[in-house]
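Have the structure open beside you as you read.

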Amino acid sequence: MKKRLCSLLLMLIILVAPALAETDEGDPVLIYSATDAPAIQPVLEAFRAANPDLAAEYREFNTMELHERIKSLEDEGYPDLVISSAMDLQVRLVNDGFARPFDDPVLDELPAWANWRNEAFGFSYEPVVFVYNKAAFAGRPLPTTHEDLATALRSDGAFFQHRVGSYDVRTSGVGYLVATQDEVTSSLSGRLKESLGRAFTQVYCCTSQLLDAIAEGDLVLGYNLLGSYALARAQRDPRIGVIVPEDYALVVSRVAFITKKAPNPGGAERFLRFLLSFQGQQVIADNGELIALHPRATGPFSIDALTGEQLPNFHPIVLGPALMVYLDQSKRRRFISEWQNALLYDPVAP
Amino acid sequence: MSTTKRGYSLRRRLLSRTALLLVAVLLLLSLGAWRYARQAADYSYDRLLNSASLSIMEGLLVRNGRVDLDLPYAALEMMQLAPDDKVFYQVRNPQGEWITGYDDLPQPETFEPSDKPFFYDARYRGEPLRFVIQSKRLTEPAVSGWVQVTLGQTLNARRELMVDILYKALLALLGLMLLALAALWFGINRALDPLSLISRTLKQRSAGDTEPLAQTPIQEVSPLVDAINSYHRRLLDNLEAMKTFIADASHQIRTAQSATQAQLDIASQTNDPATLPQRLDTIRQQHLQLTRLTNQLLAHAMVVHRSDTQSLEPIDIDALLKQLLTECVRDHAHRDIDFAYHCDLPHCSLPADRVSLREAVRNLLDNAVRYGPDDNQIDLQLVAAANGGLDIIVDDRGTGIAPHLRRQALQRFSRLATEASGSGLGLSIVQSVAEAHGGDLFLENSPLGGLRARLHLPGGST
């Protein structure tokens, strides 16, 4: 998910509005986000153009770090807005009382599953996909369902060995989310996990590293990657292809909430309103990296474009307290240990 | 009450009071609906809380002598039936140590683990919550005792359900009340319809209309119609009597006046001055009679008027009679008449109208004097009547009235003896007074040889 080393806290500060423009409004909106800066930048620029009087300060984090950072804050130093694709962690923060409600007509057009308590709001529609190296798969059938993939991994072990990649659920927030949701959604997940283990699946922290490895040919297939980044990369890079699984495709939505102790709640509301509005969503649909959630948004990165060719069985992850189940200390320990046993059963693998 | 003095609308009063009552009932029912809504919402979501906590309980397991939890996804997914509510949970081992979940949930003040779920309300992280504690007794060798699962939920869904139930109940109640008011309006109008009909009919009638009002089939209204008809009939009767009286009275006055006029004419045309004194005397006599007639007419009118308007008050009849007799004796002191008075009763108070009773007895005494001989004896007595009440008796030694003429004597303007200068109203007045007091006048033979007039007044003499 990150372009840089995930273990490091990278603070990329983009002052969207020039400092000179800060006049009457005063405080800028401070956004802490676990989203690649290039992905969010078009939205920030559009926001600046629409609101020249309001500066937006943007800091980028890894999902886990962001979560820990927010939890560790006392009364001071809160950002105005927190954005992360780790929906479960965001729900947990809202449940723990870190969010403030936001009620606005702009919410009427959004699907109900992407709004919890008028406090947490999903604003993107990012299917979880398979990514493959086109050259490696030349002349081979593409696995179009989870079952296909499990079968292929078993029957063609030699081809896949050490050349399948996925997230490291121990360090990637979104990786943990999609892995656990796989378990909730599909009865196949156990078998698939086992098959991935047999193929000596490589684990990575971030989408970008996975995509790099697939493009280079180090990996032939990436399992459970965020479709938004993958589709954007596939547009630029002809070496890789994206498969939206036909049996079911989980949909992750990036979740934003305004913090309860936001120093500039008015500015935060303005940004959130823009982000969720048709105007803001259309910017996402036009520019890529994220995929717009708004049902009326059109363009290469809209729901429309995703459903263009086939009729996938999209399975949006519903915002709600059930997402906290896998955050339970025992549950998480148990899941990770099972995951390790299945995927990393050969610790001496290179 | 002052309201009875000021005019008011029966319809408006009925409506407003019933509406007030309805509003009171509505308030009471709303209170009930509110309680019910709260109970229903609590009941529903307590069950959800209970089910989810039982589901969490399913995930409990003992491994290596330690209690652990594999939180079932369904447990919290179930809690999403209250989609906007936060969820907090906690699991404690038999030693009361925290195993997983939120470690700082508020605990109930008094709690004894049992097989039954324990519900309580508490605040946590600035929000009011509903909690349940589900306990399970473990009896494995390594771990024995009560494991506790605490599950809490914010109250949004409860409140929403409560408001929803309350809103619908209130809407139904309000609708019902409006319907009741409409029915009431209709009913009251229907009930008051006969009244308007009667008043309309009465208004349209001419004054001389002698027809009674048509009878109504409505049981509640027919007494009113009867009363109006009865009143109407009495009024007509009175009017008839008045007409007759006026006709009689004018006839009498005209007769007396024309007699006086004739005497005056004769007197003015006569050439013989010697006859003048005699004619003057005749005129004087006739004028006296006219005056007396006028007085009697006025007295009669007064007595009738008083009987209509005056209420009776207890007066001392004995004192009244004594005073009257004294006056009478004084008036006739120059004549050789013997007056006597008897009263043996200790107390002679009776409800009566002093003025008209005085007029009546006065008339009886005057009659006795007028129609009796010069050496008349007149006895006035006050005795207890046989059938209760009092009898005022006037006896004289005159010629009396023959029994067959006594009825006639009581009629107005009837004079039995043409030579005496009576107006023909005296006994009629006495009878009116007697009737106004609920009594009667009897003409009988007197032990003195003349007429006995007995005025009977009913009512308890004390």
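1. How many helices and strands does chain A have? The count is 13 helices and 15 strands for chain A. Please keep in mind throughout that this is a predicted model.

2. A word on confidence. For the complex, the predictor reports an ipTM of 0.83 together with a pTM of 0.68. Chain B has a mean pLDDT of 85, with 95% of its residues at 70 or more.

3. Staying with chain A for a moment, 51% of its 350 residues are buried. If you take the contacts in chain A with a separation of 6 or more, 80% of them come from residues 24 or more positions apart.

4. Five strands form an open sheet in the order β9-β11-β12-β14-β13 (chain B), and the pairing is mixed. Its edges are β9 (338–343) and β13 (440–445) of chain B, each of which pairs on one side only. From one strand to the next, the twist averages 15°.

5. Within that sheet, look at strands β11 (residues 377–384) and β12 (residues 390–395) of chain B, which pair through six bridges in the antiparallel sense.

6. Helix α6 (residues 317–331) of chain B lies across β9, β11 and β12 of chain B, and runs at about 175° to β9(B). Helix α7 (residues 354–371) of chain B also packs on the sheet, where it touches β11, β12 and β14 (451–457) of chain B. The direction of α7(B) makes about 20° with that of β12(B).

7. Helix α7(B) has a helical neighbour as well. Two packed helices are described by the angle between their axes and the distance between the axes. For α7(B) and helix α9 (residues 426–436) of chain B, the axes come within 9 Å and cross at roughly 145°. The crossing of α7(B) and α9(B) is left-handed.

8. Which residues make that contact? From α7(B), they include Leu357(B), Ala360(B), Asn363(B) and Leu364(B). From α9(B), they include Leu427(B), Ile429(B), Val430(B) and Val433(B). By type, the residues of the contact of α7(B) with α9(B) divide into eight nonpolar, four polar and two charged. Among the residues in contact are Glu359(B) and Asp366(B), both on α7(B).

Conventions
Residues are numbered from 1 along each chain as its sequence is written. Chains are lettered from A and ligands numbered from 1 in the order in which they are written. This is a predicted model: local features need pLDDT of at least 70, side-chain atom pairs count only at pLDDT 80 or more; totals for chains, interfaces and linings use all residues. Two strands pair if DSSP finds at least two bridges between them. Helices (H or I, at least four residues) and strands (E, at least two) are DSSP runs, numbered from the N terminus. Axes are lines fitted to C-alpha atoms, for helices over the stretch in contact, and angles run from 0 to 180 degrees between N-to-C directions. Two residues are in contact if their C-beta atoms, placed from the backbone, lie within 7 Å. A residue is buried if 20 or more other C-beta atoms lie within 10 Å of its own, exposed if 12 or fewer, and partly exposed in between; C-beta atoms are placed from the backbone. pLDDT is the predictor's confidence in each residue, from 0 to 100. A crossing is left-handed if the near helix is turned anticlockwise from the far one by less than a right angle, and right-handed if clockwise. Ala, Val, Leu, Ile, Met, Phe, Trp, Tyr, Cys and Pro count as nonpolar, Asp, Glu, Lys and Arg as charged, and the others, Gly among them, as polar.
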